[in-house]
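Here is a short tour of one protein model. Keep the sequence and the 3D view open as you read.

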Amino acid sequence: MWRRLRSALRRLRRSPAALLAGGGRPPAAAAAAAMERAVVRCVPSEPKLSLRFVLPDGSARHMQRDQAEPLGRALARIATNAAKGPAKAAKKSKKARAEGSPAGEAAVAAPAVRLFSRDGEAVAEEVPNAAAWQDGAVLQIGEAQYRVERNPPALTELRLPRSLLAGFPVCPKVSAEFAAPQHCLFRWYREQRPAGGGGETEGGDGPAWVEAPGGERVFTPSNAMVGLRLKLRCTPGDGAQRYGPPREVESSGPVEAGPGACTFDSRHLYTKKVCGQGSIRAVSYNILADTYAQTEFSRTVLYPYCAPYALELDYRQNLLKKELAGYSADLICLQEVDKSVFVDSLAPALDAFGLEGLFKIKEKQHEGLATFYRRDKFSLLSRHDIAFSEALLSDPLHKELRDKLAQYPLVQEKVLQRSSVLQVSVLQSATDPSRKVCVANTHLYWHPKGGNIRLIQIAVALSHIKHIACDLYPSIPVIFCGDFNSTPSSGTYSFINSGVIAEDHEDWVSSGEEERCNMPLSHPFKLLSACGEPAYTNYVGGFHGCLDYIFIDKNALEVEQVIPLPSHEEVTTHQALPSVSHPSDHIALICDLKWK
């Protein structure tokens with residue numbers, strides 16, 4: 001470990017030209033960069049700070065000190081550490097032992113250790129460590145000088161996707177401390193094999209690498225790179241012209257050939273650019289959770305027509321990231337999002353395209369809902385996520401519905417067993433703070449006979465949204481996206497659209513007479529399905545129908561354009577969905593909205 005630390009610290013001692021090429025400070029700091037570095041990590045929420053430096057004898061030191069401790073104690077400890085190396089050398093020296101203790105004592109004499117502020121003044125020893133170790137200060141240990149770098153940019157994780165396809169964007173996962181991915185420097189390389197076609201250079205030192213043009217966070221390999229691996233060199237930056245040590249990562253496998261034409265290619269022709277400031281491009285999409293796609297039932301019963309490799313998560317993620325990035329959306333509401341997919345794949349990828357992500361997991365599953373919004377168009381004001389069963393049980397908002405449902409214990413039990421959730425985010429326009437919008441996202445109960453359960457769930461959802469859009473933020477418009485598992489002929493769709501549902505609607509008896517529950521419901525919104533009623537948004541071997549919607553507040557918003565769905569020929573090229581050219585069994589809904 002110390003060898004790696006020593007090597008990392010030594011890499012920081014470079015010329016100004018080298019610093020610009022791969023980490024360090026800009027030319028203005030060239031003189032200071034000639035010094036050794038003392039790297040200090042000091043975070044207010046932690047009781048200790050850490051200090052790392054390399055002594056003149058080449059030994060690395062890593063110290064942990066209390067932030068409130070007086071500087072003098074830390075300097076004394078550094079002096080003791082600095083004397084340890086010579087002391088060990090003296091013990092091993094036969095000459096020192098032969099000459100007696102005076103020579104040995106001279107060898108282990110502790111050096112003078114002082115800390116100077118940026119303006120050259122000695123820092124008083126009673127100053128607490130947290131205040132003493134400032135960026136740009138100079139630590140002197142004997143004759144050696146160290147420039148203090150407090151909280152320099154540092155990478156904590158750099159990872160490439162396991163699957164790389166030609167023509168599909170490669171979005172690395174970049175995690176950093178005291179840095180931000182948008183301020184990091186990226187350099188991409190492709191493998192170059194020798195002319196003979198072997199995989200390694202002469203001498204067996206591994207493959208040679210050739211820098212690929214671009215230098216952006218997202219890299220799209222060309223068809224010419226099929227069969228070659230990729231390498232990324234990332235230098236962390238903080239946006240204030242400070243750069244930390246770079247890190248490199250190589251892909252685990254080579255670039256593979258892409259699938260050719262995809263169902264979303266023609267849709268991207270309509271969404272090449274982000275729409276204007278007065279407009280909002282919204283997307284709603286059930287992306288098919290890996291936890292459901294990778295079951296034996298899925299492979300053999302639900303999607304037997306789909307090539308097994310096309311059901312693999314890594315393959316589908318390639319398609320999904322390209323599809324979503326190409327929509328240039330302002331709002332994206334996703335359903336069936338695996339937690340690991342959100343954290344490791346979608347959030348890093350869409351962040352690179354300017355979108356901030358929010359996630360709400362279902363408590364009993366490993367998947368949930370994700371809402372993304374464009375950072376330069378919106379800021380997040382508040383979140384109001386709920387689980388339907390929990391809210392129904394405990395929130396006073398739903399007391400009337402709870403009392404009605406108590407009369408139907410069988411239905412009540414089923415409702416409370418469901419793990420369905422509602423994600424609600426209040427966003428504010430970045431250019432016009434008076435414009436706010438309530439964005440809701442949900443995935444209702446799936447069972448074909450669960451119409452009565454879905455009616456209860458949507459009643460809870462709309463009551464909760466009413467509290468936010470009418471009470472907490474009076475009169476803000478609503479955009480309600482999701483997989484409602486309800487066709488246009490269902491009670492749920494009728495209730496959302498019309499604002500009322502009669503107590504004798506047939507969906508109240510969808511599970512049979514034993515589970516009948518008759519109750520009239522209403523809500524105050526004037527909602528419209530922005531994308532209309534497509535023939536289908538879900539197309540699998542045994543079923544096709546319209547289950548997904550983007551409902552909008554028609555008093556405040558209007559539809560500018562609906563992006564056409566893929567043609568029936570495109571959807572059925574490989575029989576049904578998902579397929580090698582489409583990553584989900586659902587189809588994304590996309591529309592451009594504008595404020596009235």
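How many disulfides does a search of the whole structure find? The search finds 0 disulfides, where a disulfide is a pair of cysteine sulfur atoms within 2.5 Å. C234 is in none; the nearest cysteine sulfur belongs to C184 and is 4.3 Å away.

This is a predicted model, so local features need pLDDT of at least 70 and side-chain atom pairs count only at pLDDT 80 or more, while totals for chains, interfaces and linings use all residues. Residues are numbered from 1 along each chain as its sequence is written, and side-chain values use heavy atoms, with hydrogens and water left out.

**Burial**

Buried means under 20% relative accessible area, exposed means over 50%, and partly exposed lies in between (1.4 Å probe, protein chains only).

| Residue | Relative accessible area | Class |
|---|---|---|
| C234 | 0% | buried |
| C306 | 6% | buried |
| N485 | 13% | buried |
| S494 | 30% | partly exposed |
| Q575 | 51% | exposed |

Helices (H or I, at least four residues) and strands (E, at least two) are DSSP runs, numbered from the N terminus. Two strands pair if DSSP finds at least two bridges between them. Strands of a sheet pair through backbone hydrogen bonds, either parallel or antiparallel.

An open sheet of 4 strands has the order β10-β9-β11-β12, and its pairing is antiparallel.

Look at strand β11 (residues 230–235). β11 pairs with β12 in the antiparallel sense over 4 bridges. C234 stands opposite R247 in β12.

**The sheet of 6 strands**

Another open sheet has 6 strands, in the order β15-β16-β14-β13-β29-β28. Here the pairing is mixed. Its edge strands are β15 (355–361) and β28 (557–562), and each pairs on one side only. Neighbouring strands are turned by 25° against each other on average, direction ignored.

β15 and strand β16 (residues 367–374) are antiparallel partners over 7 bridges. Within this pairing, F359 has A370 in β16 as its bridge partner. Which helix packs on the sheet? Helix α13 (residues 339–352) does, and touches β14 (331–338), β15 and β16. The direction of α13 makes about 155° with that of β14. Contact means heavy atoms within 4.5 Å.

**Two helices side by side**

Two packed helices are described by the angle between their axes and the distance between the axes. The axes of helix α17 (residues 451–472) and helix α18 (residues 491–498) come within 9 Å and cross at roughly 25°. α17 and α18 are therefore roughly parallel to each other; the cut-off for that is an angle under 35 degrees.

Which residues make the contact? From α17 come G451, R454, L455, I458, A459 and L462. From α18 come G491, T492, F495 and I496. By class, the contact has 6 nonpolar, 3 polar and 1 charged residues. Ala, Val, Leu, Ile, Met, Phe, Trp, Tyr, Cys and Pro count as nonpolar; Asp, Glu, Lys and Arg count as charged; the others, Gly among them, count as polar.

In α18, G491, T492, Y493, F495 and I496 are buried. Their cover includes α17, β22 (500–501), β23 (521–522), β24 (527–529) and β27 (548–553). S494 also lies in α18, but is partly exposed. Leaving aside its neighbours within four places in sequence, S494 is in contact with G499 and V500. G499 follows α18 and has a positive phi, near 95°.

**Backbone details**

Most residues other than glycine have a negative phi, and most peptide bonds are trans. N485 has a positive phi near 45° and lies in the loop between β21 (478–483) and α18. Q575 has a positive phi of about 80°.

Q575 is found in the loop between α19 and β29. P578 has its place in the loop between α19 (568–571) and β29 (589–595). The peptide bond from L577 to P578 is cis, with omega near -5°.

Terms used:
Axes are lines fitted to C-alpha atoms, for helices over the stretch in contact, and angles run from 0 to 180 degrees between N-to-C directions. Angles under 35 degrees count as roughly parallel, over 145 as roughly antiparallel, 65 to 115 as roughly perpendicular and the rest as oblique.
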